[in-house]
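The sequence and structure come next.

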Amino acid sequence: MKKTVKLVSLVSILCSIVLFPSCSKDNTSSPEPIATPEPTSTPIAADRRETFIFSSNGVSITGKIFIPSEYENNKNLPAIYLFDFPEELSGLNPNFHVATDEIDKVIGAVKNIKLNALVITMDDYKDNDMSLPGDFEEYGNIFKSMTSYVDDNYTSNPSRTFIARGNEANMVLMTLFFEESEVSVFQNFIATDALHVGDMQALLENGGIPQENENKKLHYSNTDEARNAAMINAIREQELPWLEFESVTYPNMTFEDGYRTAFEDGIKYIFED
């Protein structure tokens, strides 16, 4: 009887070791594997475009702005302001094919020369007719309001460039030469293929240009040297000590396509060391 009991006990012990090793004191249970968290990727900054609403003399105006990817790391970027009317209301000579992609060409120029800058323009305006010098104050106030909004909401960099082609380029020249220095908001000016240059030439020759001003830079370009030669000479004859000036003629280009090169050359000139 005792032998039977011993045999049963031995069999029980063997079974517990072989069949149920987890019950053995010499065996430790394996811990549950810890889940490894998925690696988090940092979002890649990208260029973007936005619209905004600003007010000028009680009128709400829509603006649009190009913001380069670098803005995520550096909010203190210079700003380039394009004056560009919509095609159907531009008032240009009907023989000219009016560009509808001017802001894209400014953005393209900025990218080509690897310049980090904001590009801003009006998206629309209630009245797109302009007659200078009569409308100079109205449009000047619009751009003052726009620059103030951008300074408050996007950048406080003091470098502001005013750029335009065709009829709107005359507004750039008017702002440079006839705006009072104490209310000036632009330091740099790019004008290409200004139309009706005879009127602007007469204004320059009649004087009234401030002889004392902050340092300014102007890049003036054209595709019609005959039409612009007198205008360029009128600027040079002023011999303004505060103006750094370059003029370029593109004889192998047309009004319709010359601005692509002119914008890039002008921006290079303004921002070169």
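The buried residues of α5 pack against α4 (169–178), β7 (216–222) and α6 (225–238), where contact means heavy atoms within 4.5 Å. Helices (H or I, at least four residues) and strands (E, at least two) are DSSP runs, numbered from the N terminus. This is a predicted model, in which local features need pLDDT of at least 70 and side-chain atom pairs count only at pLDDT 80 or more, while totals for chains, interfaces and linings use all residues. Residues are numbered from 1 along each chain as its sequence is written, and side-chain values use heavy atoms, with hydrogens and water left out.

Helix α5 spans residues 197–205, and its Val197, Met200 and Leu204 are buried. These residues lie on the same side of α5 because they cover an arc of only 60 degrees around the axis; the arc is that of the directions from the helix axis to the C-beta atoms. Asp199 and Glu205, on the other side of α5, are exposed. Buried means under 20% relative accessible area and exposed over 50%, with partly exposed in between (1.4 Å probe, protein chains only). Just after α5, glycine 207 has a positive phi of about 85 degrees.

Strand β2 pairs with β1 and with β4; two strands pair if DSSP finds at least two bridges between them.

| Strands | Sense | Bridges |
|---|---|---|
| β1 (residues 48–56) and β2 (residues 59–67) | antiparallel | 9 bridges |
| β2 and β4 (residues 118–122) | antiparallel | 4 bridges |

Isoleucine 53 has threonine 62 in β2 as its bridge partner, and phenylalanine 66 stands opposite valine 119 in β4. The hairpin of β1 and β2 has 2 residues between the strands, and asparagine 57 there takes a positive phi near 55 degrees.
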